[in-house]
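Please open the structure in your viewer and keep the selection tool at hand, as this tour moves from one group of side chains to the next.

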Amino acid sequence: MIAGNKTDFRLNPKPNSKLPDTLINNVRYRVNTVYSESAPGFAIGPVIDARLQQYVRLRLTPTISFATRKINYGLSNAARDSFKVFQKTVESVFLIFPLETKIQSKRLGNFSAYVIGGGGYSLDLAARKKSAGVSSGGANQLDENVKLKRDDLFYSAGAGTDFYLQYFKLGLELKLLIGTKNLLRPENSIFTNSLDKVRSRMVVFSITFEG
């Protein structure tokens, strides 16, 4: 399987009354807006497929997935006549282990459609590097990135089509992966302190080749 993905975060910012502020060039700025921006990535891995019934299959597709997420922060001073924008990029290398049920339609010629759903576990190999060091606040916190936890659980759902060619079966699939765990690692930084929860979300378009 080869795949392209777009990943972002589901953010829960803290209430406005609790949003932190900081000094930049002796001017006090306060966080006003926080939002996530998606970015493209790719993945590759094997397809392990077991037939349960005529139209029902159990599928395991472990992949190594490269992903990038961006978090944008808007800051302003008390008079709202000066604004700062900071973008924090979070790069990840995931090992993803989805276990899903695939329900196919009856084959029509060389074509069939299917729906797929399930859940799984993901491991962020870059999380250890990102979690190194602890911010102590102050001016240097503007250079800090958002640090995340390593492990996540997710559920998935999607649909696809299979084309039965002469020597192999070609599949096209679109799927959504929704993380369930709060990945935010506590840190004394204006960027981390403005967030309450950070959860992962990934849209995957994959092409499968099966014998």
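**A tour of the aromatic rings**

The structure holds six aromatic pairs, where rings of Phe, Tyr and Trp (its six-membered ring) pair if their centres lie within 6.5 Å, and planes under 30 degrees apart count as stacked, over 60 as edge-to-face and the rest as tilted. This is a predicted model, in which local features need pLDDT of at least 70 and side-chain atom pairs count only at pLDDT 80 or more, while totals for chains, interfaces and linings use all residues. Residues are numbered from 1 along each chain as its sequence is written, and side-chain values use heavy atoms, with hydrogens and water left out.

Select Phe168 and Phe209 to begin: their ring centres are 5.9 Å apart and their planes stand at 55°, so this pair is tilted. Phe168 lies in the loop between β10 (151–164) and β11 (169–179) and Phe209 in strand β12 (residues 195–210), so the pair ties together parts that are 41 residues apart in sequence; strands here are DSSP runs (E, at least two residues), numbered from the N terminus.

Colour the two by accessibility next. Phe168, at 34% relative accessibility, counts as partly exposed, and Phe209, with a relative accessible area of 47%, is partly exposed as well (buried means under 20%, exposed over 50%, partly exposed in between, with a 1.4 Å probe and protein chains only).

Now select Tyr73, Phe86 and Phe191, which form one aromatic cluster.

Finish with the charges over rings (NZ of Lys or CZ of Arg within 6 Å of the ring centre and within 35 degrees of the ring normal). The charged end of Lys102 sits over the ring of Tyr114, 4.2 Å from its centre, and Arg107 lies over the face of Tyr164, at 4.1 Å from the ring centre.

Key
Helices (H or I, at least four residues) and strands (E, at least two) are DSSP runs, numbered from the N terminus.
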